[in-house]
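Here is a brief report on a two-chain model. Please look over the sequence and the structure before reading on.

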Amino acid sequence: MGSGLIEGFVGALSFTNLAYCLLGCLLGTVVGVLPGLGPAATSAILLPLTSYMPPAGAIIMLAGIYYGAMYGGSTTSILVNVPGEASSVPTCLDGFQMTKQGRAGEALAIAAIGSFIAGTFGTLALSFLGPALARIGLRFGPPEYFCLVVFSLTALVSFSEGSLVKGLTTGIAGLFLACIGLDPMSGKQRLTFGIVEFAGGLDVIAVLMGLFGVAEVLASAGEGVLHLYKGRLGHLLPRGRELTRGILGSTQGTITGFLLGLLPGMIPERFGTGCIEGVAAPEAANNATSQAGFIPLMSLGIPTSPTLAIMLAALMMYGLQPGPFLFIQHHAFAWTVIASMYIGNVILLILNLPLVGLWARLCLIPYRYLGPVILAVCLVGAFSVRNSLFDVGTCTLFGILGYAMKKRHWPSTPLILGVILGPMLEQSLTQSLELSGGSLTILFTRPIALTLLVLTCVLLFLARKVLRSPKLAHAG
Amino acid sequence: MRRQGVLGSLGIMALAAIGLRDAWRLSKVLRETGAYHSDMGPDLYLAVVSAALLLCGAWHWFRSRGERAPSAGPEPGEGVRQVGRLVLLLVGYVAAFPFLGYLLATLAFFPVAFFLFGVRPAKSLAIGVLVAAIFYVLFAYVAELPLPKGLLDFGA
């Protein structure tokens, strides 16, 4: 790990990669601040443009957007009581209370410090666990991959908003849409109905742009302009016991967020009263969760969020197959990206502490100027990948579908991951059955595959009994 | 709510039915041509996914039927009408590409889009034309991205 990381730092500290890292962090902070424009939409919009960049630079920038948005999302939560990101909702409760008490500066500072602690911890974990998990991944054959994809899709369905069956339906719909085009094994056309454009399948980028770009704009259309808090920010840095409590809250949030990617560790009796832990913990948890997502992505090729799914698409666009072999075949690339995350966290801490006033003012940009621009960028982006007007139509159609899904509280993340993971699922299942002579028992006789299937069942049970219990739903 | 739920579930079931039909067609083709056919061929996989989708659609249909219908049909709000107008604009914009090309279609799109988002008409026109021109230069000449070419298109 040591030599790899040093090699990574050498690559990440090159002028070009530093510039891409800074650009990604800047863009991420901006999209985190602007409500209605999340990291998934921004990454989807920028993805076609990254095809002109070197692979490491593109992934460094996209990663910067992802974790930068987690930092930026806290600013509007604290100052305006409007979460820039869905994950920043818990921060509003205590963050805005602190603002009303004239302690906005402390809240913003502890959010940045908490994010830094969690982001750095997450990157450290990625440095240690990523290669280790990749080594385990080397033992994976088609049955293990099939079970891993089933587990990942189940996890996404379980944690997505809305009912379990809604998530399951959109996930299966994603698998269905992934069937459109030429079957990779037999070369026969499926669901094409003689339409030439269907033969190449649906372009993932066009679908992503529609679901996360166009749909977001449609959903945000008509929303009013936000009003920024105009009172004093107070001290920028918390002092004494406040700082200690903030750091303890960050540590608690880091561990919780990293392990579960779920709710922050709150102190119930002080919940919503403006306690500093109430800001530190959820912000740390958000960043730990986002950083932890890179571990399965880089070592097994499994995305755990829409933005990571876009990064998977970006890696594939460059001919880099994320998974166990990434650390072997593209050793320098993998470590450069990891090293850039350490640098990115430092950049974000610097960007978020002194420049917080500037970021806060960004949320005053009226959406009426942003909306049309985002729509136009989405359509051009969808066209530019394959020079196809069909993809522009696909993007528009999925934008409308995404909007309808939002209105009816149907999760779109399982849909896109179904589209992305569908081919992997089908291929691994077909290969598994060929290995076993057509018997599904191969999935139950291999230890890793069986473990993953058991974990899938446990997750489904937990999703029904624990994660969706009325008590927890109320807390969330 | 109930009507939307029933329509949504019927849409899902229709999609699943299309999948099942295509799986059956593919199965016939594979049998006739004697092409590669493993235990889980492309036809069976599609059939399994479509069947699962059909089950989900049926479940939603069953649930939607049980939902109470609202006593009086609510009028669609301004937000929904706004989205409807934007969708029409988007569809028109995309449909105009093959005829007008990117530049002309975008010159028409931006002023209307800004207006629909609530910018005053004169300002919409001015900002719209300016943003369209900036976009064209950025995409065509700076990023050198391929842009849709129409019958009336000119430029890059």
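## Chain A overall

Helices here are DSSP runs of H or I with at least four residues, and strands are runs of E with at least two. On that count, chain A holds 23 helices and two strands. The model is predicted.

Chain A has 476 residues, and 59% of them count as buried.

## A helix pair inside chain A

How do α8 and α20 of chain A cross? Helix α8 spans residues 164–178 and helix α20 spans residues 413–435. Their axes come within 7 Å and cross at roughly 45°. The crossing of α8(A) and α20(A) is right-handed.

On the α8(A) side, the contact takes in A:Gly167, A:Thr170, A:Gly171, A:Ile172, A:Ala173, A:Gly174, A:Leu175, A:Leu177 and A:Ala178. Facing them in α20(A) are A:Pro414, A:Leu415, A:Ile416, A:Leu417, A:Gly418, A:Val419, A:Gly422, A:Pro423 and A:Leu425. The residues of this contact divide into 12 nonpolar and six polar, with no charged residue.

Most residues other than glycine have a negative phi. A:Phe193 has a positive phi of about 50°. A:Asn387 also has a positive value, near 55°.

Where do they sit? A:Phe193 is found in the loop between β2 (189–190) and α9 (196–199) of chain A. A:Asn387 lies in the loop between α18 (367–386) and α19 (389–407) of chain A.

Are they buried or exposed? A:Phe193 has 11, so it is exposed. A:Asn387 has 12 inside 10 Å, so A:Asn387 counts as exposed too.

## Chain B and its side facing chain A

Chain B is divided into domain 1 (2–66) and domain 2 (78–142). The centres of these domains, taken over C-alpha atoms, are separated by 38 Å.

Contact between the chains involves 52 residues of chain B and 43 residues of chain A. Four helices of chain B each supply at least two residues of the side that touches chain A: α1 (2–33), α2 (42–66), α3 (78–116) and α4 (121–142). Which of them gives the largest share? That is α3(B), with 16 residues. By type, this side of chain B comprises 38 nonpolar, 11 polar and three charged residues.

## A helix pair across the chains

Helix α19(A) packs against α3(B) at an angle of about 175°, with the axes 10 Å apart. Angles over 145 degrees count as roughly antiparallel. So α19(A) is roughly antiparallel to α3(B).

From α19(A), the contact draws on A:Leu389, A:Val392, A:Gly393, A:Thr396, A:Ile400 and A:Tyr403. They meet B:Val83, B:Val87, B:Leu90, B:Val91, B:Val94, B:Phe97 and B:Pro98 in α3(B). This contact of α19(A) with α3(B) has 11 nonpolar residues, two polar and no charged.

Methods. Residues numbered from 1 in each chain as written. Chains lettered and ligands numbered in written order. Predicted model: local features only at pLDDT ≥ 70, side-chain atom pairs only at ≥ 80, totals over all residues. Axes fitted to C-alpha atoms, helices over the stretch in contact; angles between N-to-C directions. Left-handed = near helix turned anticlockwise from the far one by under 90°. Contact = placed C-beta atoms within 7 Å. Nonpolar A, V, L, I, M, F, W, Y, C, P; charged D, E, K, R; others polar. Domains from an automatic or database assignment. Buried ≥ 20, exposed ≤ 12 C-beta atoms within 10 Å, placed from the backbone. Parallel < 35°, antiparallel > 145°, perpendicular 65-115°, else oblique.
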